[in-house]
Amino acid sequence: MKQKDYIGIAALTTLIIIVPYLVTNDYYLGVLIFTALNCLACIGLCLLMGYAGQISIGHGAFIAIGAYASAILTTKLGWSPWAAMGFGVVTVIFVAFFVGIPTLRLKGHYLAMATLGFASIVHIVSVAAVGFTGGPSGIMNIPRLSIFGFQLNSDVKFFYFSWAIVIAGLYLAVNLIYSRVGRGLKAIHGSQDAASSLGVNITVYKIKIFVLSAIYASISGSLYAHYVLYIDPGPFDVMHSVLLVTMVAVGGIHNIWGALTGAILLSLLPEFLSFLSDYLQGFGIRYKTDYDTLVYGAILLLIMLFLPEGLFDGLYRSIKAVFNLKNRLMKGRSQGAV
Amino acid sequence: MQSDILKLEQLHKNFGGVTAVDNLSLSFAKGEVTSLIGPNGAGKTTVFNLITGFIKPSSGKIIFNGWHLNGKKPHMIAAMGIGRTFQNVQVFSNMTVLENIMVGRHLRSRCGMFFSSVLPPFLRLEENRIRSAAKEWISFLKLDQYADFSAGILPLGNQRMLEIARALALEPNLLLLDEPASGLNARETIAMGELIQKIKSMDITVILVEHDMELVMDISDRVAVINFGRLIAEGTPKEVQQNPDVITAYLGT
């Protein structure tokens, strides 16, 4: 881990501690909790896509498996939420392993198609296996999480808990990036042939990182179930997998902080746009809510056109440029004085 | 007489109907620089790919230090002590020069995904060891000033040097260099020749595929000539140069 990352994690932690004092509205706090869940899934996905260079449009399926494992085991079998979450993780490890073995042999578009197919299979099962998943009407009355008897029964508590998990996940991911394993993954991204000629077992590494990123998604799904307390197949459709990929790409695929930025931006943007339309309505400016989607799309398009390396990289570079310019101006002035 | 480090026995490789390597039997002596030469498409790179496990032979045997390499995956062959470079340079352009070489130390530590994420103190020490070893290789190849550069932006000559440094960081017994001097200017080619001799003096056996005949004749202990996948001549540089078959293969009849 480098100094920049320590600063980043410290800054994020501080921000998370402060936010509930500023945002007292439960609805917006809820939005920020969903943001945390997206962040968690995107950290895992970024390890897979940005570092190992393997695409997956199937991570919504792993979120679904985690969520359904938590929901089914706690409501129908009366398991404790923690045991159910653990079982979800174990299930996802097995599923990701057996899905990964055949699909990770594929490259690029073919891998994208295969994982997309997997996502739609899981979605169809969650709709059709009525006896098991409740079908389209879903599962209700999922119990809340509690830590050592301390129930997470308010949005503020769940907010802190979910973001604590995100920060822990981020810490582990950043350590991984700068380790031997992280270098092996980046090497696979750079050149599979060269990586294997240096002793990196590319098949095993690809499967391992696929499984790890699926674990992140699974935990995100379990947390979703225990926060909303009700699940149905709706939020776990194929479009959700696509949205996760979009988040990572918009934020910056080659950087874990980029993935985080993208997840935060795209989770908050729709809320901001609808807030904006309400606000403008107060001034007598009315437009259809469809325009929200239009603006949303236009923003994505502009980011990808002008900041192809992602929003985080773009912001980081422009801030750096401003600092450099300022330094140069200061230097120029002091030299001018002499 | 030194012992052989690598032996190819009646090695054969077909791609569909095309025979790329045809009953090739060759031995490579330990500690020597052997060059593999031949016209374009003669099957030299295919021989490298067979040795390092990137493609499987149709028949025949590859024996390295008494071990059969047939059916072994590239990463296992790397672990047995064979390093290689590629004809089209394959540096990891998404990493810095230092990180590239640190990948070369991959097999010198065993830590897996769990410990890498949790990062216990002993791992920090190991990371430092890997880093300082990589820095030594950077100094050896005189790439110090580029250590923190992204590998993709280096000029071709330095990328070739980096690729060799990365393969050396593996600490191989046998190093396969696939056209290390192609695309280099005269001065860089001379430096490459000096480097290969330095590598030889470190007790690393080198097999070289190269089109620059001056370089080949200068630094090779032995030269093997192949054409259409078949061995047509083998011997010291001088012997090979005077061989009529070789002259025919290169100049035509």
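Helices are DSSP runs of H or I with at least four residues, numbered from the N terminus. Welcome to this predicted model, in which local features need pLDDT of at least 70 and side-chain atom pairs count only at pLDDT 80 or more. Residues are numbered from 1 along each chain, and chains are lettered from A in the order in which they are written.

**View 1. A positive surface patch with residues of chains A and B.** Lys2(A), Lys4(A), Lys320(A), Arg131(B) and Lys135(B) form this patch. Lys2(A) sits in the segment before helix H1 (3-22) of chain A. Its relative accessibility is 45%, so Lys2(A) is partly exposed (between buried, under 20%, and exposed, over 50%, with a 1.4 Å probe and protein chains only).

**View 2. A nonpolar surface patch of about 780 Å².** Among its members are Tyr27(A), Phe272(A) and Ile285(A). Helix H12 of chain A gives the most, three residues. Tyr279(A) lies in this helix and is partly exposed at 49%.

**View 3. Phe34(A) and Tyr227(A), one of 22 aromatic pairs over all chains.** Their centres are 5.6 Å apart and their planes at 80°, so the pair is edge-to-face (ring centres pair within 6.5 Å; planes under 30 degrees apart are stacked, over 60 edge-to-face, the rest tilted). The two residues, in helices H2 and H10 of chain A, are 193 residues apart. Phe34(A) is partly exposed at 32%, whereas Tyr227(A) is buried at 15%.

Note on methods
Side-chain values use heavy atoms; hydrogens and water are left out. Patches are made of residues with over 30% relative accessible area and no salt bridge: like charges are joined within 9 Å, nonpolar side chains (Val, Leu, Ile, Met, Phe, Trp, Tyr) within 5 Å. Accessible areas come from the Shrake-Rupley method with a 1.4 Å probe; for residues, only the protein chains shown count as cover. A salt bridge is a side-chain nitrogen of Lys or Arg within 4 Å of a carboxyl oxygen of Asp or Glu. Lys and Arg count as positive and Asp and Glu as negative; His and the chain ends are not counted. The place of a charge is taken as NZ of Lys, CZ of Arg, CG of Asp or CD of Glu. Rings of Phe, Tyr and Trp (its six-membered ring) pair if their centres lie within 6.5 Å; planes under 30 degrees apart count as stacked, over 60 as edge-to-face and the rest as tilted.
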